[in-house]
Amino acid sequence: MDITGSTTGQLLDAMQNGTVSAVEVTQAYLNEISAHGETVGAFLSVDSEGSLTQAAEVDRKRSSGESLGKLAGLPVAVKDNICTKGLATTCASRMLENFVPPYDAHVTTQLQNADAIIIGKANLDEFAMGSSTENSALQVTRNPWNIDHAPGGSSGGSAAAVGARLASMGIGSDTGGSIRQPASFCGVVGMKPTYGRVSRYGLVAFASSLDQIGPFATDVTGTARLLESIAGYDVRDSTSVDRPVPGYSATVEQPLENLRVGVVSEFFGEGIDSDVDASIRAAIDVYRSLGAEVSEVSLPHTRYAVATYYLIACSEASSNLARYDGVHYGRRAEQFENMIDMYAASRAEGFGAEVKRRIMLGVFALSEGYSDQYYLKGLKVRRLIRNDFDAAFENVDVLAGPTCPTPAFKIGELVDDPLQMYLSDICTISANLAGIPGVSVPAGFSSNGLPIGLQLLAGPFEEEKLLRAARMFERETVWHTKRPSFS
Amino acid sequence: MEFTPIIGLEVHVQLLTKSKLFCGCPNLFNPDNPNVQTCPVCIGLPGSLPVMNQEALRLSQKTAMALNLNLANFTKWDRKQYYYPDLPKAYQISQFDLPFSYDGWVEVTLPSSGETTKVRLIRAHLEEDAGKNMHDESGRGGDSKVDLNRTGTPLLEIVSEPDIRSAEEARVFLEELRLLLRYIEVSDCNMQEGSMRCDANVNLHVHEDGEKIPTPIVEVKNLNSFRGVEAAIEHEIKRQIKAWETDRKRIGDVPKETRGWDADRGQTFGQRGKEDAADYRYFPDPDLVPVTTTDEQFDAIRATLCVFPADRRNSYVSDLGLSDYDASVIVDQGREYADYFDEVTSVCGDGKQAANWLTQDVQRELNDRKIEIAEFSILASVLGTVLQKIVKGEITIKSGRAVFTELLAQSDDGSDVTANSVDTIIADKGLGKVQDTGKIDIAIQAVIGNERNAKAVEDVRGGKQQAVGPLIGQVMRELKGADAGYVRQMIIDKLTS
Amino acid sequence: MLSPEDVQKVATLARLKLSEEELEQIGHQLGEILDYVAVLDEVDVSEVEPMAHVADVFNAFRADETRVSLPREESLSNAPKTDGKYFLVPQILENA
């Protein structure tokens, strides 16, 4: 059986009917990691021993008739900003290079309860700040479709792991597009749930009102399965919403009757790559052919989204990262003159350039005399952006457009132009500001063989609708069946 | 030189919850066992998140009601950002622009003048406490030690307007605040343990040539006791007077100064000023959601409140006829003491009687035995029964004391003393005043008939009612206790009718 | 747009020790970003309420119950310097 080429559904069936054991599945992925792990650089750490032990336990439970979780035996790559007790959680930063959390994130516990196999911790942009994973202080991750290109970010490691078939699923976090954009670059499915759908307890905070943990998989059904297991109320997260979790994997196959698709005109702006434009237009045609009603929709405040995002995200980030001072955990500088110097030196050593930049912007935006003009203003424009979506969803079920205006850029191409890098988030950022869910599904390839992603957005807690709509498209296409050449 | 001291106080009290404000670690004073009451949340580990303790909010809202503060139907939490090793998140979760309560007051009566004033409160808000930083005492510049046990403890910050006009008033304000908060069981307000802390803002208004000149404000910190607060403010006022006479600096001429109180030396000392006033960069904490409370919910909390000390004092004076002094003595001893008094009063029906017994007989026993009222073996209901018998005229006060002594003896011996024990003791010791009018009659007849009393009898018959005294005494002795007033009337009636 | 003094002030507030070069570079980049952010001046927000929270959640409470704390070794496990009981930090100059 071609284990790593299988979907989560196929693997679950195979393990269920005894074709393969969980240990064999995990071993197969570990073998892939041995073979191609270094090329792709998706993992910061691989837990071979732990994962095989977990897999053996799944096999034991199955053979003794004990009940198994819904993800039993499926290896998952977990972004390294999500706490795993006893396993290093570095956030790809020198600041936390040696940090081993004494506790598990809520999501980690849920994965364990679902009997998933946490096969390794995936690379990311440092503290989730970035759109290419190039800001990782520890390692380079390459796009499995072309190793000279970036995998996207900040969850580039998780996306690349799934894209390169080094794990059957991935867990990432999305603050401004950090799941959807790398999913699009790496040719996999990636979803950002509604804010509050998945607990943030144990997710190392970047921007608290924007961060959400979400799933990666090679297909929509796998994504649905994973989302089902990680979603749900957590009393330890005050922003977690107490709403029952629908059976996403049970309904995902049901197409939506009278689906109304809104095409967001602002997402097809000047900078859009012509291959991307063509693929997405073709994708929308697929919906037409399925009987969906397609209309053009405007989100007029889109042009303010990047500015609004950076003000809010950096302000919150500057506060969330203030705790990294070398006192209670994290890197402490060796040379310093006094207490204040120790703080400043430790942070200077521990943080990379992008992190420093964002902290500086955030501190400035919150500082006395400026916070009304910057931070507060950002919060107000945010409401207008949300209002745009509320108005749009009165007339359509889902919004559609490219996940990113371009396919994966080259490694090194944008790293010296932070503003340009920020602007590549234009299609994904608004969803985080508004708190609504979004998914990226493979929708084609550029002329030089790089994946292109279709993004769908829906109203709050409409993940089920989103997944069904995504599956409608996926069923008619074969993009999601393609694999990078070496895998 | 004419001046008015202008004093404002900022008080922090730790709330009596079982667990911390944002996590389940125990809320216990534990200085000897560092870093054992901590968890990812209060250590501020990456990925941790705060969740509000409902009881802390309820206690806060109760407190606000007792302090006559307005309660906000909508309130939220903000991050106050600064760096210090005892602040692991590098921000304190506090309240900035929408505190849960604002605009209140506390009444203060100064012992020296008997004058009552109102000290207005600007606001009270709820925030988390920081940990403890301990410097290397050796002076050799060694590492400081950080203990996070206390991090995340719920703190109520109460800020007064600068309405206080003397060191005495400041002390009394704190004492009243402490009494009140202990009454409503919100905090134990122990300055030594740090569950109540106070900073004072002091300046002067100098009155000169019809002008009122404010001097620079000084913040005085490190105040560890009520006496310390009073002494520090006294000292600071004197120091500021001298400073004015020397430099004549007005408010705004220099930045706000911070001084620490050195209790041993009895003086304030300058603390190294911060170069810039701290920019706390307040913004709403995105990890916590706002809190809404309806008026009905406030009413429900209000219904659980006990009577406050000030109101209790007033009602003792106006309803029970106690003196101001006695009322204060009883109320100021704490809620359990006043509750004891209330129960005794309700059983015996005479507040003054109850007050006398509590402040004298009971207090003496408490002092001798070095116990609090809660540990006193004679329950309020039992003492109340004794006093009730006195009030009804069934026994004399002297007999009452004998019963009291016997009750104590019995409980010291290990017996249970109840209201029934009172009857038993009275009966056993024949302490009951004779009520039998027949018996009284016979005794009166005997005394009147006694030759030795002939002169007195003659006098009473003749209208000299004062002469009846010795006759009454004899009858009382004969009866071993009776209602003196009744006996007197009986004798007079018999002799004058 | 931001003077070198402004940038240094921000760096101090942010507790970041930056070299002259870094200060200049960050100052320049921040300036560019702030110029970009000025696009928000186009928006009239006079009647708009700020949106600090996107989820419609209020009154998230927990009951006042104690939970088991971390054992001390775990609390201190990531500390750069400890004596086994306390976190150790260099002496703070009093009220600096």
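Two residues count as touching, or in contact, when their C-beta atoms, placed from the backbone, lie within 7 Å. This is a predicted model, where local features need pLDDT of at least 70, side-chain atom pairs count only at pLDDT 80 or more, and totals for chains, interfaces and linings use all residues. Residues are numbered from 1 along each chain as its sequence is written, while chains are lettered from A and ligands numbered from 1 in the order in which they are written.

**View 1. A:Ser446 and the residues it touches.**
Leaving out residues up to four places away in sequence, A:Ser446 touches A:Asp273, A:Asp275, A:Pro407 and A:Ile452. You'll find A:Ser446 in the loop between strand E10 (438–445) and strand E11 (451–457) of chain A. Helices (H or I, at least four residues) and strands (E, at least two) are DSSP runs, numbered from the N terminus. Buried or exposed? A residue is buried with 20 or more other C-beta atoms within 10 Å of its own, exposed with 12 or fewer, and partly exposed in between, with C-beta atoms placed from the backbone. A:Ser446 has 19 C-beta neighbours inside 10 Å, so it counts as partly exposed. A:Ser274 is 172 residues from A:Ser446 in sequence, but the two are 8.8 Å apart in space, C-alpha to C-alpha.

**View 2. A:Glu24 in its helix.**
A:Glu24 sits in helix H2 (residues 22–40) of chain A. It is partly exposed because 17 other C-beta atoms lie within 10 Å. Between A:Glu24 and A:Leu433 there are 42 Å in space, C-alpha to C-alpha, and the two are 409 residues apart in sequence.

**View 3. Strand E6 of chain A and its partners.**
Strand E6 (residues 212–217) of chain A is mostly covered, with 6 of its 6 residues buried. Strands are called paired if DSSP finds at least two bridges between them. Strand E4 (residues 169–174) of chain A runs antiparallel to E6(A), joined by 6 bridges. There, A:Asp174 has A:Gln212 in E6(A) as its bridge partner. Strand E5 (residues 189–192) of chain A also pairs with E6(A) in the antiparallel sense, over 2 bridges. For A:Val189, the bridge partner in E6(A) is A:Ala217.

A:Val264 stands opposite A:Val297 in E8(A).

**View 4. The largest nonpolar core.**
A nonpolar core is a set of buried Ala, Val, Leu, Ile, Met, Phe, Trp, Tyr and Cys residues joined through C-beta atoms within 7 Å. The largest one has 256 residues, and A:Val76, A:Tyr310 and B:Ala200 have the most contacts inside it. Helix H10 (residues 305–320) of chain A gives the most to this core, with 10 residues. Zooming in on A:Val76, its contacts include A:Leu111, A:Ile118, A:Met169 and A:Ile171, with residues up to four places away in sequence not counted. Another core, of 33 residues, lies apart from the largest one, and B:Tyr316, B:Tyr340, B:Ile395 and B:Ile426 are among its members.

**View 5. Where chain C meets chain A.**
On this contact, 43 residues of chain C meet 53 residues of chain A. Helix H1 (4–13), helix H2 (20–37) and strand E2 (87–89) of chain C each supply at least two residues of the side that touches chain A. H2(C) gives the most to that side, with 7 residues. The chain C side divides into 32 nonpolar, 4 polar and 7 charged residues. In that count, Ala, Val, Leu, Ile, Met, Phe, Trp, Tyr, Cys and Pro are nonpolar, Asp, Glu, Lys and Arg are charged, and the others, Gly among them, are polar.

**View 6. An open sheet in chain B.**
Three strands form this open sheet, in the order E6-E5-E17 (chain B), with antiparallel pairing. Strand E6 (91–94) and strand E17 (283–284) of chain B each have a single partner strand and stand at the edges, so one side of each is left without a neighbour in the sheet. Strand E5 (residues 78–81) of chain B is joined to E6(B) by 4 bridges. B:Arg79 has B:Ile93 in E6(B) as its bridge partner.
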